[in-house]
Amino acid sequence: MKPSESLKIDAFSMQIADVQNVDLDRLHALSLSVGWPHRAEDWQFLRESGQGFVALDEIGRVLGSAMWFPHGADFATVGMVITSPRLQTLGTGQWLMKRIFDRIPGRDLRLNATRAARRLYLSLDFQPEKTVYQCQGVARVPTRDVPAGSRGDIRTLETGDVAAVIALDAAGFGVRRTALIEKLFAHSAGYGLFDGKKLTAFALCRPFGRGHVVGPVVAHGDTDAVAIVRPHIANHSGSFLRVDTHIENGEFAAFLSHAGMPVFDTVLTMSLGKRLADFSDDRSARPKTFALASQTLG
Ligand SMILES: CC(C)(COP(=O)(O)OP(=O)(O)OC[C@H]1O[C@@H](n2cnc3c(N)ncnc32)[C@H](O)[C@@H]1OP(=O)(O)O)[C@@H](O)C(=O)NCCC(=O)NCCS
């Protein structure tokens, strides 16, 4: 008998499981399936830093994921929300998000939504806050001079600086994230700008995806942010570098573009519950986050 030209595949069932209990390679395969640059090591870092669910099919393949990263008792960021392309728009994303709500009820949540995910989060009552510019490319030190005006001395950050980094990060991020910053610190090279003994700006940089990512970066203004990111650019000149920033224009945004990292894509920061960070364009005296740790971590 001639084989049929078509075949109907029935919907199959999925089981929820803990992201900690599945093979790293299977998580990696899931993010590759949607074109994300994460390496297996990046997944490992994330699952050591947070918690999450995966959706498994009958033979243990990972077809969906969603993670959360709690900071303190009342707040978490959400990320790594992925549904395998052939299962999209069938409700898996919604299902995974509701499992998170169920697990951490009442927390204020923040996430960075891709265009594909915006509708999902809007339907779950997340509110748009601010665009994130994903800037990336082959880094080069801009030929223009650094604008004068950054106050203080720049030096490499050391273990003894971590408490000051945590405090400055909290001022920009809106929530203290001690464990995460300690972990990022251990994986990163860092520079700090000091006014006497006081840390006034910092920038961390670590391996991620196709190369390295610079972030978080916290500073009191564009000039200091440029000054503190510049040594990382010099260290990675000629290789792939990425910066995720809420800053749309001005000296810092222009600097990234001149340093070989134009805007590649955008995502949208959204939150559910209290808005805890100041995303206004006011760049006055208060410290501000100039670069995210990553889109997943915020
Ligand atoms: C974003 C993503 C996780 C959504 O997962 P999903 O399993 O397709 O989501 P659901 O099927 O639960 O859909 C949720 C809602 O979005 C709608 N939707 C999803 N995809 C849509 C599409 N392409 N066009 C129109 N509506 C769409 C659904 O109808 C549903 O709307 P409703 O709640 O009003 O009924 C998935 O598309 C994905 O993995 N994309 C690539 C990776 C990514 O961008 N992740 C997001 C990180 S923030």
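Helices (H or I, at least four residues) and strands (E, at least two) are DSSP runs, numbered from the N terminus. The model is predicted: local features need pLDDT of at least 70, side-chain atom pairs count only at pLDDT 80 or more, and totals for chains, interfaces and linings use all residues. Residues are numbered from 1 along each chain as its sequence is written, and side-chain values use heavy atoms, with hydrogens and water left out.

**Exercise 1.** Determine which element gives the most to the shell around the ligand.

*Solution.* 
1. The ligand has 21 residues around it, with Val81, Thr83, Thr89, Gly91 and Thr114 coming nearest; a residue is near if one of its heavy atoms lies within 4 Å.
2. A polar backbone atom of Val81 is 2.7 Å from a ligand nitrogen atom, a polar contact being a pair of N or O atoms within 3.5 Å.
3. Ser123 places a polar side-chain atom 3.1 Å from an oxygen atom of the ligand.
4. Two or more residues of the shell come from each of strand 4 (75-83), helix 3 (92-103), strand 5 (108-113) and helix 4 (115-123).
5. Helix 4 gives the most, with six residues.

Key:
A polar contact is a pair of N or O atoms within 3.5 Å; within protein, one must be able to donate a hydrogen and the other to accept it, and residues adjacent in sequence count only if both atoms are side-chain atoms.
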